[in-house]
Amino acid sequence: MSNFAKTFSSSLGKKLVMALTGIFLCTFLIVHLVGNLQLFKDDAGQAFNAYAYFMTHFTPIKVVSYLLYASIIVHALYALMITAGNKKARPVAYAMQAGNQNSAWTSRNMGILGTILLIFIVVHMGDFWWKYHNAELPYAKYEISLDNPNDIQVSEVPYDANRLVHSEVVDIQAGKKIVISKDLYKVVQNAFQTWWYVALYVIAMAALAFHLIHGFKSAFQTIGWNNNRYLPLVRFISVWIFGLLVPIAFAAMPVYFFLFK
Amino acid sequence: MSGNMNLTLKVWRQKNAESQGKFVTYKAEQVSPDMSFLEMLDVVNEGLIKKGEDPIHFDHDCREGICGACSLHINGRPHGPKHGITTCQLHMRSFNDNEIVVIEPWRASAFPVIRDLAVDRTSFDRIQAAGGFISVNTGGVPDANSIPIPKVVADEAFNSATCIGCGACVAACKNASAMLFVSAKVSQMALLPQGQPERYRRVQAMVAQMDAEGFGSCTNTGACEAECPKEISITNIARMNRDYFNATLIKNEE
């Protein structure tokens with residue numbers, strides 16, 4: 001076995017893989033959140049659909065997206081491997097173990113939280129990623145006044161295999177910009193009309209919060225970055241950014257659509 | 001004497017590593033609150049011996065919290081309910097009259113049960129032997145203070161060196177991970193000048209032995225540091241990880 005392979009099959013190496021993929025997934029969440037904030041724009045989804053097109057067709061982002069899919073799979077597989085090893089390390093369980101007196105609940109339940117998140121990711125990608133890439137979705141045609149960009153007329157265009165996913169034409173004589181794009185916004189809008197689907201999203205985001213309150217700072221400990229100077233900052237980001245801000249902002253999207261759209 | 005307590009003990013009894021163990025209930029009567037937990041077990045054992053029964057086997061030695069021989073998982077926690085002490089330093093006043101006390105051995109595949117509550121912790125010795133030492137030539141005593149070491153560094157190394165190798169970290173960890181023990185043994189030398197020549201070889205050898213013994217992985221729950229009788233910090237684990245990744249992924253040596 002090469003030195004490299006030996007390192008990554010050791011208990012510490014496996015944890016390093018978990019930490020690095022975990023931090024990468026955390027940075028993705030920030031990008032995903034910032035992009036999805038366009039859902040709150042009151043433009044019938046024009047900005048969101050343009051963003052969806054950009055994210056799926058801009059080459060550097062496509063490269064990163066494959067790295068992202070790989071990270072999710074590796075993170076889950078290594079978690080399984082590590083958990084199997086941990087179970088083997090204690091074949092006879094304690095009759096009584098007072099874990100709540102010496103450790104945080106989140107830290108002891110990363111596997112359960114992670115499983116909820118993995119199920120969520122599969123459902124979430126099936127409903128949006130898969131549909132956007134493969135389903136015969138109708139298009140939205142936006143007629144935007146050149147004089148006033150807030151004046152948008154929207155109409156539906158049926159699916160056409162020959163049509164581009166996204167096109168923009170400026171008609172100077174009519175004084176409008178015409179944007180036609182595959183309507184992912186509509187898919188989002190329809191999905192979040194069902195109460196239990198919205199509930200699933202809110203529960204998943206609660207799981208995300210608890211997963212990351214422990215996970216983010218834990219990754220730094222595993223890598224060996226625990227200098228006293230910036231440990232408080234890591235803890236702050238762990239709790240306030242990844243434990244509260246990010247999950248709440250994500251959960252607000254389905255709730256907003258359910259209540260107002 | 002007034003103020004004495006009566007307790008119900010549920011003790012794990014197991015003949016040897018191969019046999020199936022089970023809980024057996026014993027009464028501990030007229031227990032003085034000033035007894036240590038081990039003295040209480042001594043009294044129970046005297047009663048068992050008088051009745052011609054097999055006494056409860058448990059590890060103990062110095063009975064003053066410095067040797068690391070005593071163990072016991074008491075009511076779900078290594079060394080019982082108090083913080084920063086070993087079982088021999090645990091007094092019966094920490095329990096209530098008529099309380100049910102569950103006593104189990106350390107549970108880990110790397111700590112097989114020898115008998116009842118005594119477990120085989122030689123896996124720790126093998127990890128130590130794999131690299132937890134410094135190689136020096138014997139000879140005259142070197143001059144004191146010939147190698148300057150800053151006070152904070154000396155203190156930190158000393159804190160790591162206070163590990164008594166009792167195995168409470170493994171017992172407390174939900175994954176039966178030995179990382180707090182190994183990291184303390186790595187750190188006590190990695191921090192000092194005398195430990196530098198073998199620093200990176202040492203961490204690799206000790207981690208390899210730790211994995212070979214079948215201990216679990218660290219999930220940073222912090223249970224080990226909360227239960228450690230010597231209050232050793234998980235900062236040591238981060239230092240060990242740093243040294244290990246440095247050694248295996250960055251340094252250009254074996």
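In this predicted model, B:Arg107 touches residues of both chains: A:Arg90, A:Val92, A:Ala93 and A:Tyr94 on one side, and B:Trp12 and B:Ala176 on the other, leaving aside residues up to four places away in sequence. The contact between the chains as a whole involves 36 residues of chain A and 46 residues of chain B.

**B:Arg107 in its setting**
- B:Arg107 lies in a loop of chain B, between β5 (100–104) and β6 (113–115).
- B:Arg107 counts as buried because its relative accessibility is 4%, and the cut-off for buried is under 20%.

**Extent of the interface**
- The size of an interface is often expressed as the accessible area that is lost when the parts come together.
- Between chain A and chain B, about 3,300 Å² is buried, and carbon and sulfur atoms give 53% of this area.
- Within chain A, the residues losing the most area to chain B are A:Leu12, A:Tyr94 and A:Asn102, which together account for 20% of what that side buries.
- A:Tyr94 is also one of the residues that B:Arg107 touches.

**Polar and charged pairs**
- Across the interface of chain A and chain B, 25 residue pairs are in polar contact, with both residues at pLDDT 80 or more.

**The chain A side**
- Elements of chain A that give two or more residues to the side touching chain B are α1 (3–9), α2 (11–36), α4 (59–89), α5 (105–108) and α8 (195–223).
- By residue class, this side of chain A comprises 15 nonpolar, 17 polar and four charged residues.

Terms used. Residues numbered from 1 in each chain as written. Chains lettered and ligands numbered in written order. Predicted model: local features only at pLDDT ≥ 70, side-chain atom pairs only at ≥ 80, totals over all residues. Heavy atoms only, no water. Helix = DSSP H or I, 4+ residues; strand = E, 2+ residues; numbered from the N terminus. Buried < 20%, exposed > 50% of the residue type's maximum accessible area, 1.4 Å probe, protein only. Contact = heavy atoms within 4.5 Å. Buried area = accessible area lost by both parts, 1.4 Å probe. Polar contact = N/O pair within 3.5 Å; in protein donor to acceptor, adjacent residues only side chain to side chain. Nonpolar A, V, L, I, M, F, W, Y, C, P; charged D, E, K, R; others polar.
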